[in-house]
Amino acid sequence: MGLTSNKVLALAVVLAALLFFGTIWLWPRLARRTWKAVTGRVGLLLAAQLAIFGSVGLAANQAFGFYATWADLFGQETSPGLVVDHDPTKGEGPVRVLDTRAVDVPGGNRPTTGGQIQKIDIGGKVSRIASPAYVYLPPEYFQPQYRDRKFRTAVVLTGYPGTAEALIKGLHYPQTAHRLSAEGKMQPMVLIMMRPTVAPPRDTECVDVPGGPQAETFFTKDLPRAISGHYRVGADSRSWGVVGDSTGGYCALKFAVHHPERYGAAAGLSAYYKAPIDVTTGDLFQGDEELERRADLMWYLAHEPRPKTSLLVTTSKKGEDNYQATQDFIHAVKPPTRVSSITLESGGHNFNTWRREIPATLQWMSSRLRDG
């Protein structure tokens, strides 16, 4: 059973409950001062505590999507998503569909009613990076009257070290997009859901690392070309947006600021505005000061030509540590760049906060894009 399986969580909760009540029941029988009784008490307490902590950890992981598999949890998942030699001009092309699944909405088993989620592999011809993703196709994509329509598209990114599945199971992007579209609050939109970590376990901060993973190139050149060549989506920036939370939010804003010719809109939920350097990133810039400055969005807005794109940033007055930085970013944006914001009274750096912001974000994104 998988790490994020409901069965695993249920078994862990049942085990924790049995050990907890078993400890209460057996404690009087172990009240003696013999070494066997003392060992029994210590063993029961330790087992009960480990089971409770394990249950809480599994529940937190399922809610926030920190790790997708047991191998990911124990640091054994190193090969998927590494830079590979993948030439879309040879073999099966830059997009390979691995699986399809229904959307968790009423009538979701019928694509014309619920849409469809496809698990794919994307190969980058320029960056030489391959990465998995999930694609949400709205119901209209399968309906005959829309067969000539090229849909607006949003790339949706997790934080680090989040999983793409968390965008479906934890943040409910497909379900929210389906509901808003059915209510007439947004236009049908294709969602490309993935994590920004295209060379795990390294956190590249979506930078073209000198001599390393060309993450920014993958997201701004390879990904749009691959998706536009495989699905009925618009090809230019007026049809493409990008949204992300935390690290994904920083990446989203950077893509639109650096490449307005590719992304016409970007939303950063709880984003920061400068690439950090820590043990997860390594040396991203290899002494290239110009590359490091460009990765600072405040510096970029002050020193480079102002991009013609639309930006959305979110924060909260209590619970987020990016509140002041977000206010500074808003004030730094000048025409022709447009900026909007969502500011909650309170909300931490977590899924619950982002679920509160996602409906308005998707509506905003839909209004800033158009079909191709």
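**Entry 1. Helix H6 and its end**

I began at Gly184, which sits just after H6 and takes a positive phi of about 75 degrees. I am working from a predicted model, where local features need pLDDT of at least 70, side-chain atom pairs count only at pLDDT 80 or more, and totals for chains, interfaces and linings use all residues. I number residues from 1 along each chain as its sequence is written, and side-chain values use heavy atoms, with hydrogens and water left out.

I took helices (H or I, at least four residues) and strands (E, at least two) as DSSP runs, numbered from the N terminus. Buried I took as under 20% relative accessible area, exposed as over 50%, and partly exposed as in between (1.4 Å probe, protein chains only).

Then I went back into H6 itself. I listed the buried ones: Tyr173, Pro174, Gln175, Thr176, Ala177, His178, Leu180 and Ser181.

How many residues of E4 are buried? I found 6 of the 6 in this strand (residues 152-157), so E4 is largely enclosed by the rest of the structure. I sorted the side chains by direction. Arg152, Ala154 and Val156 point one way, Thr153, Val155 and Leu157 the other way. Both sets are buried.

Next I looked for strand pairing, which requires that DSSP finds at least two bridges between two strands. E4 runs parallel to E5 (residues 189-194), and 6 bridges join them. E6 (residues 240-245) also pairs with E4 in the parallel sense, over 5 bridges. I followed Leu157 into both partners. In E5, Leu157 stands opposite Met194. In E6, Gly244 is the bridge partner of Leu157.

**Entry 2. The disulfide**

I searched the whole structure for disulfides (cysteine sulfur atoms within 2.5 Å) and got 1. The bond joins Cys206 to Cys251, with S to S at 2.1 Å. The link is right-handed, with 95 degrees about the S-S bond. Where do the two cysteines lie? Cys206 is in the loop between E5 and helix H7 (215-230), and Cys251 is in helix H8 (residues 247-258). They are 45 residues apart, so I noted a link between distant parts of the chain. I checked burial too: Cys206 and Cys251 are both buried.

As background, most residues other than glycine have a negative phi, and most peptide bonds are trans. I logged the exceptions that follow.

Glu205 is not a glycine, yet has a positive phi of about 55 degrees. I placed Glu205 in the loop between E5 and H7. Its relative accessibility is 1%, so Glu205 counts as buried.

Ser270 also has a positive phi, near 55 degrees. I placed Ser270 in the loop between strand E7 (265-269) and helix H9 (289-294). Buried or exposed? Ser270 is buried, with a relative accessible area of 3%.

For peptide bonds, I noted a cis link between Tyr160 and Pro161, with omega of about 5 degrees. Pro161 is in the loop between E4 and helix H5 (164-169). I noted another cis bond from Pro335 to Pro336, with omega near 10 degrees. Pro336 is in the loop between H11 and strand E9 (338-346).

**Entry 3. Gln327 in H11**

I turned to helix H11 (residues 323-332), where Gln327 is found. Its relative accessibility is 19%, so Gln327 counts as buried. What does Gln327 touch, leaving aside its neighbours within four places in sequence? I found contact (heavy atoms within 4.5 Å) with Thr315 and Thr343.

**Entry 4. A nonpolar patch**

For patches I used residues with over 30% relative accessible area and no salt bridge, joining nonpolar side chains (Val, Leu, Ile, Met, Phe, Trp, Tyr) within 5 Å and like charges within 9 Å. A salt bridge is a side-chain nitrogen of Lys or Arg within 4 Å of a carboxyl oxygen of Asp or Glu. Accessible areas come from the Shrake-Rupley method with a 1.4 Å probe, and for residues only the protein chains shown count as cover.

Phe20, Phe21, Ile24, Ile52 and Val56 make a nonpolar patch of about 490 Å². Helices H1 (6-26) and H2 (35-64) each supply at least two of its residues. H1 gives the most, with 3 residues. I checked Phe20, which lies in H1. Phe20 is partly exposed, with a relative accessible area of 40%.
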